[in-house]
Amino acid sequence: MFSYNLRMAVIRQPRKDEIARLAEIEAMCFPPEEGASREKLERRFSSYPDGFLIAEEDGTILGFIDGLRTDADRIEDAMYEDECLDDPLGSYQSVLGISVIPEARGSGIGGLLLKSLIMKAEKEGRKGVFLTCKKALLPFYVPHGFIDRGISCSVHGNVAWHDMFLPLPKKK
C-alpha cells in the first residue's frame, strides 16, 4: 500500500474525459443504490461542471467531490436524480458525494476536497454547505464544522442519513 503526501495533491476541476474515471471511483466508494452511475455523473457534469472538484497527484486522480447549488438548505432526494435542480445563484452549496480511492483513504484527501468546496462556496457568497451522511461518518464531518440536524428526510438508497449543515460567514 502506498500513501500520499498532501503537499503534492492538486485540487482542480475535472475535464469531461475524466468522468469515466470518477464513475469508477464512485463505484469503489458507494453501493450501486447509493452511488451515482457514469451516466448520472456525466449529466451532472454537463449541467454544473464547476460543482466538481478532484484531488490529483502526479496524474493520478485520488478522489472527487460534487454538489449542486440551490436555495434549499438540505438534501432532497430529487437532487441525486435531477441535475437541472442546480441554480448557479442558489444560496447554498450541497455535497452529493465525496469519493476517495481506497489507497488514499485516511490521508486527508477527503478533508482537503471538502475544505476546498467549502472555501469555493464561501468565496461565491453562499450561506452554507449541506450534505447527508451515515452515522459512522459523523466524526469526519463534525470537526469540519458541520452541525448534525438529526435524521434526514432523505431515503436515498434506503439508508438512514444524518442531515448535516455548515453555516458560512456573510460575505463582506
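## The β3-β6 pairing

Strand β3, residues 60-66, is joined by four bridges to β6, and the two run antiparallel; strands here are DSSP runs of E with at least two residues, helices are runs of H or I with at least four residues, and both are numbered from the N terminus. Two strands count as paired if DSSP finds at least two bridges between them. Within this pairing, the bridge partner of Gly63 is Val100 in β6.

## Basis of the model

The model is predicted, and local features need pLDDT of at least 70, side-chain atom pairs count only at pLDDT 80 or more, while totals for chains, interfaces and linings use all residues. Residues are numbered from 1 along each chain as its sequence is written, and side-chain values use heavy atoms, with hydrogens and water left out.

## The sheet and its helix

The open sheet has four strands in the order β1-β2-β3-β6, with antiparallel pairing. Its edge strands, each of which pairs on one side only, are β1 and β6 (97-100). From one strand to the next the twist averages 20°, where axes are lines fitted to C-alpha atoms, for helices over the stretch in contact, and angles run from 0 to 180 degrees between N-to-C directions.

Helix α1 (residues 19-29) packs on this sheet and touches β2 (52-57), β3 and β6, its direction making about 75° with that of β3; contact means heavy atoms within 4.5 Å.

## Met8 before β1

Met8 lies in the segment before β1 (10-12). Not counting residues up to four places away in sequence, Met8 touches Glu56 and Glu57, and the C-alpha atoms of Met8 and Glu57, which are 49 residues apart along the chain, are separated by 6.1 Å. Met8 has a relative accessible area of 48% and is therefore partly exposed, a class that falls between buried (under 20%) and exposed (over 50%), computed with a 1.4 Å probe and protein chains only.
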